[in-house]
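Let's take a friendly look at one protein chain together. Please have the sequence and the 3D view ready before you read on.

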Amino acid sequence: FTISHLMPILALTVRRLHDTGKSGYWAFYPLGCILLGIIGLFAIDYNLILGMIVGGIAFIGLIIINFTIIVFMFLDSHKGENKYGISPKYGMQGENEDED
């Protein structure tokens, strides 16, 4: 279920981040933390302390990045146009308000 819904979730997250004027790469940062956690699991076989440190950093990073993305998702859309296009919430009316 999770793997089949990964692409639509990423697409919606990127669209919402673009609406708020943020880069869509924020949606992929948690995947980097998950990869770091997997590296930490393999490092446990080599050195227990090193693996625990890498895994802990990955876990804390995952929490911080996910919280940041959730805050970004609750931000209001930019009125008018940003570098990613016109906001679907405000449409063309955002440009008319800037002229007044």
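Is the crossing of α2 and α3 left-handed or right-handed? The crossing of α2 and α3 is left-handed; a crossing gets that name if the near helix is turned anticlockwise from the far one by less than a right angle, and is right-handed if clockwise.

Before going further, a word on the background. This is a predicted model, in which local features need pLDDT of at least 70 and side-chain atom pairs count only at pLDDT 80 or more, while totals for chains, interfaces and linings use all residues. Residues are numbered from 1 along each chain as its sequence is written, and side-chain values use heavy atoms, leaving out hydrogens and water.

**Confidence**

The chain has an average pLDDT (the predictor's confidence in each residue, from 0 to 100) of 84, and 90% of the residues score at least 70. Helices (H or I, at least four residues) and strands (E, at least two) are DSSP runs, numbered from the N terminus.

**The helix pair**

The axes of helix α2 (residues 29–46) and α3 come within 7 Å and cross at roughly 165°. That makes α2 roughly antiparallel to α3, a label for angles over 145 degrees. Where α2 meets α3, the contact has 17 nonpolar residues, six polar and no charged. Here Ala, Val, Leu, Ile, Met, Phe, Trp, Tyr, Cys and Pro count as nonpolar, Asp, Glu, Lys and Arg as charged, and the others, Gly among them, as polar.

**The aromatic rings**

The whole structure holds two aromatic pairs. Rings of Phe, Tyr and Trp (its six-membered ring) pair if their centres lie within 6.5 Å, and planes over 60 degrees apart count as edge-to-face.

| Pair | Centre to centre | Angle between planes |
|---|---|---|
| W26 and Y29 | 5.3 Å | 70° |
| W26 and F72 | 5.1 Å | 85° |

W26, Y29 and F72 form one aromatic cluster.

How open are these residues? Buried means under 20% relative accessible area, exposed over 50%, and partly exposed in between (1.4 Å probe, protein chains only). W26 is partly exposed at 25%, Y29 is partly exposed at 41%, and F72 is buried at 15%.

Technical notes: Axes are lines fitted to C-alpha atoms, for helices over the stretch in contact, and angles run from 0 to 180 degrees between N-to-C directions. Angles under 35 degrees count as roughly parallel, over 145 as roughly antiparallel, 65 to 115 as roughly perpendicular and the rest as oblique. Rings of Phe, Tyr and Trp (its six-membered ring) pair if their centres lie within 6.5 Å; planes under 30 degrees apart count as stacked, over 60 as edge-to-face and the rest as tilted.
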